[in-house]
Amino acid sequence: MRSKLSKTAGPFVEAVRVDGRTPEDTGTVTVVLARVQLELRLTQVESEWGGGGPGAPWQGHGPRLARLRQEAQALDALLAVAEARTEVLTAAATSPELVVAAWHDQAVENAVRALLRAATTLRAAERSRRIIAETEELLGAWSERPGVSPAVGRALDAVRARNSEGYREFSQEIAEVRGAARLRSEHHVALTRAREAFPSLAERITGSPEDTGWDERLPALAEAWAWSAWHQRMERLTDPDAERALRRRLTEADDEARIMLARLAAARAWHRCLGLLTGDQSRALSAYQQAARRIKGKYQHRYRRDAQAALRKAQTAVPAWIMPLHQVAETVPMDRPGIFDVVIVDEASQSGLEAMLLSWLADRMVVVGDSKQVSPSNVGLKQDEYFHLRDRLLTGLEADVRSLFGPESSFFDLTEALSAGRGALMLKEHFRCMPEIISFSNELCYNGWLQPLRQYGADRLPPVRTVYVGDGEAVGANSRLTNAAEAEALVAEIVRCCADPAYDGKTMGVISLRASKAHLAELENLLAERLDYEQREERRIRVGDAEDFQGDERHVMFVSCVNSPSTAAGTVPGGFTGKTYEQRLNVAASRAQDQLWVFHSARAEQFHANDLRRQWLDHLTRPTEEETAAVGGEVLPDVRHEAFDSLFQQQVYLELTGRDYRVRPGYRVGRHAIDLVVEGGTRRLAVACDGDTFAEGEDASTAAARQRDLERVDWTFVRVRGSRFHLDREQSLAPLWAELERLGIEPAGEGPEDDDLAGEDPAHDIVPAEAAPGPRSAPAAEVGTEPPMPAPVPEAPGTTPPAPGAPGGFPVREIPAAAFHRVVREMQQVQAAVDAPDTTPEGLDAPGLAFLRRSQADQRDRRTKRLAFLRAFLDAVAVGGGAPEVVVPGALLVLEFDGRVDQDTLYTVAELSMDGADVVSPSSPLGHALMWQRAGRDLSYNASQDKAHRVVVREIRV
């Protein structure tokens, strides 16, 4: 039995297939349902369109859909025509003629089409007419402006005439104008930026726009800008003026810090001292002073007791007590140990073992002394009793320790041995003596550890002079030993030195190597006869033995050896050996600061082989070895030389030697080495060459520390930066030339004679007692063997050495009276200038004041030397004769400069201005070249900036 649905569907369900299969699931049934619904919809549309119906044969849905689409398109076209007709009728409603027009008539249609095209054209032309009107109005406004281009007027006419070709030409011209305006605007912007960044470049470009070279230069602007930026940076970083300003500020800051630190320390010390001082302690201090002064006479034991009681009460109120050893023993209470924190013992080598009581006063001690200097002599001490007491009383000490307590031991010897080197410190920097003076003591006593740091120049006094007194004879013995001839020669030399201007301001002392009262008295008596009391006081002249001068010093020391050969073998009797004599000789040889004179009546070989005096004389009379050997071989700017650390140093060296300066490379001062040292006059200048690398083991901080150490001992430095040197050689060396001029360091004299003399050191020449040697004494014969040679006078600054063998050391015997009077007037002027007090302008800062004082001192030194030269010259020449054959002081000169004879001006070589003649300074290169030259000789000299000039002496007048 079938269902109702089955009956209604009939065989459809069994007959339908989906993809060849009977629909069995929801998916396939859904597909069947969709297909049925599509078929129903197509049937409905076809029945409504009238193209089909239920009775029509069945077709697939594809053709049926295609037919419906074609018919829909035809319907759309028909609707579009109807809509267009409606719009035309609506538009034509405003014109009765168009409403009734026969639209199907071809003529009417064509007429309407033409009218419509005309209306469209009119509407399109309206915009163009508006543009033309606006253009005409704009051109009309422009044409009324003053200075307008004629092209604007022509364009206005073309617009009014509706001339398109004319307006096209104007448009092209306007385009060119617009391009030019755009370029002008860009040019203005670029020029403004260039003037802000490169003002000089902008001016050069605008000043020469026609220069085609700019086409090549401007593309390299970036590279040029980079070079310029680094060039300016290098100039700024290496600016000598900026460096000097910074160093001046650093010096001022260091000085200010040092002064303020000293003031602060003093203020704090006084504040603390006075703050802790009570009324009782103040009274105790006054009582101590009074009691200490009265410790003498019958009641000294009472005053000593009063002083000790007062010191015990006032001790803590005074932070540091300074007193000699005997006063310590008399006034310091010894009832309890360690009343002081620290005891400092100075000159401990002169104190005996009695100074051991100081160890009772404190747990810590600082002992200062020199075991190589004179120890206590203990004259009259019975050494047998001393050793007996030592062995009996010091039995608690080990034998080796007990042996340290010898009769000749000083307190320094004892403490040095007991400390076994722990806490020992040797001060190696030596500032007092010239290196040649201290060198013997350095080798004899200090194993060469001392570092002489004394600064000096080429014009210093010869450091060492030895005088052999051939007729000297020592007579007497012990305290009556005396050598009259040696004393006479020594005192005569002192008198001559006192009269020599080269020794102005120098203090003097006399040491006898033998502590003979008779010889000391002979020296004292001779000095009293030859020199007045005021002069001896001014020179601080003192006579004594080595022990008397321990701890003292003088500028010039005179040492008398006293002994003479008196044995049958012609030798000096006795010996000068052992620790005591070594200490005496060490003291005697190291008291002189500038110059040491040694008078001896026996030759070195006449002393015993182990005699210390023989070693000393051998050391003093042998040639001096320069601290830095001369530069061997040729120095080139681009080939490394072993004497230099860098090519840069060689190049600076060549710049200096090119101007005839005396230069020493790699000069050692103590533990320090200076790149270059320039010598001349009385000064030396240190030149530091700062290249691209530091010396081995050095950096910027160590180099700065080295310079500070050497400046502390009066070295003057100039630093030459390698970067600045290679950037601008002339400007980098300008501070060097200025400092050399300020210090009075001048180029060495020209000629082979000067070169030969430059390598000699007259310091160790043996000179006679009868001669009158000055600071440049020439070698002379020994007294009693050959007649003495006349010694040359001090050379004037800036003059070449006189010809050897001439009377008085000068190449002329006499000069005319007029020249003589001029020399006298110059000498009077120079003397007045030397005697005049220095003036100090107001408002100078500290660096300016220091520079002024140094300049005044250099000027005074130069004038003093000139004064000595003039005095010696006047003493050596007579008045008479005609015009001299050579240039002499006081002569008037007609000179030819670089081929041009100056007939209108007379010149003279003088220190100060002279009436009727222009002055040439004797210390100038021209003054160097002129002195002692004959007329007609062609001379060459270097002026400023290393420019060579020629000068010829055409005439010598009087």
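I began with the accessible surface of the protein chain, which comes to about 56000 Å², 54% of it belonging to carbon and sulfur atoms (Shrake-Rupley method, 1.4 Å probe; for residues, only the protein chains shown count as cover). This is a predicted model, where local features need pLDDT of at least 70 and side-chain atom pairs count only at pLDDT 80 or more, while totals for chains, interfaces and linings use all residues. Residues are numbered from 1 along each chain as its sequence is written, and side-chain values use heavy atoms, leaving out hydrogens and water.

Next I looked up burial: 36% of the 958 residues count as buried (under 20% relative accessible area; exposed is over 50%, partly exposed in between; 1.4 Å probe, protein chains only).

Then I turned to the largest nonpolar core, which has 42 residues; Leu513, Leu596, Trp616, Ile674 and Trp715 touch the most other members. A core here is a set of buried Ala, Val, Leu, Ile, Met, Phe, Trp, Tyr and Cys residues joined through side-chain atoms within 4.5 Å. Among the elements that each supply at least two residues are helix H19 (435–445) and strand E8 (554–560) (DSSP runs numbered from the N terminus: helices H or I, at least four residues; strands E, at least two). Apart from this core lies another of 36 residues, Ile815 and Leu874 among them.

I also checked Trp715: leaving aside residues up to four places away in sequence, the residues it touches include Leu453, Tyr667 and Arg684 (contact: heavy atoms within 4.5 Å).

Last stop, helix H3: Leu40 lies there and is exposed, with a relative accessible area of 59%.
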